[in-house]
Amino acid sequence: TPESYGLVSEPPEGAGRRLLVLIGKVLQNLSNNKDFGGKEAYMTKLNEFIHTNTLDVQNLFEDLSKADATPEEPSIPVPQDYKADALLQLYQYCSSVADKITTHLRTPRSFDSENGAIRREQTAASFQQCMDRTYNEIEGAGHSSTRSVGNLLRPTRLLATSSSSSSLHGSDAPLLP
């Protein structure tokens, strides 16, 4: 609600509140590329608006999700041992679900442009590169916790085919000791 985010000093009442709810529904359906229908049949008049603006919203999401080539340092310094532990845990989790992530990244979408397949493969390649960089950073840091780098398995290439079923860790060994 607007008041919970501090956008208004007084909660909207009656028609104003209802209008904000309807606007929220339109934005939700637009961001999810969903048509109105069923129990919201009265909103089907807005389906054309959703169809007309879906590509613009997807382009906005893509622009927002692009990684900055030079990420800024965090404004609050994080102790190195906490950062290393968090990085290790994140890597282990991503390794355990790498097949699912890669499959999802490669799955065609109804809103894909004609370059959609190329973009999907580029995104999957970026994921693989990120995993490789993270592995190398963990390995190079000589992580000292009980969940040592020795328990990590070197990532294998996921980019060979789009139907690849290999995992990043190349084994069924558990990632967490």
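Residues are numbered from 1 along each chain as its sequence is written, and side-chain values rest on heavy atoms, with hydrogens and water left out. Because the model is predicted, local features need pLDDT of at least 70 and side-chain atom pairs count only at pLDDT 80 or more, while totals for chains, interfaces and linings use all residues.

The protein chain averages a pLDDT (the predictor's confidence in each residue, from 0 to 100) of 75, and 73% of the residues score at least 70. Over residues 145-150 pLDDT stays under 50, and the model has 14 contacts (heavy atoms within 4.5 Å) for them beyond four places in sequence. Residues 156-177 also stay under 50, with 53 such contacts. Where pLDDT is low, the predicted coordinates should not be read in detail.

Helices are DSSP runs of H or I with at least four residues, numbered from the N terminus. Helix α2 comprises 19 residues, 47-65, and reaches 26 Å from its first C-alpha to its last. This is close to the 27 Å expected at 1.5 Å a residue, the expected span being 1.5 Å times one less than the number of residues. At Asn53, α2 bends by about 45°, the angle between axes fitted to the seven residues ending there and the seven starting there.

Arg120 lies in helix α5, residues 116-141. Beyond four places in sequence, Arg120 touches Leu105, Arg106, Thr107, Pro108, Arg109 and Asp112.

Notes: Helix = DSSP H or I, 4+ residues; strand = E, 2+ residues; numbered from the N terminus.
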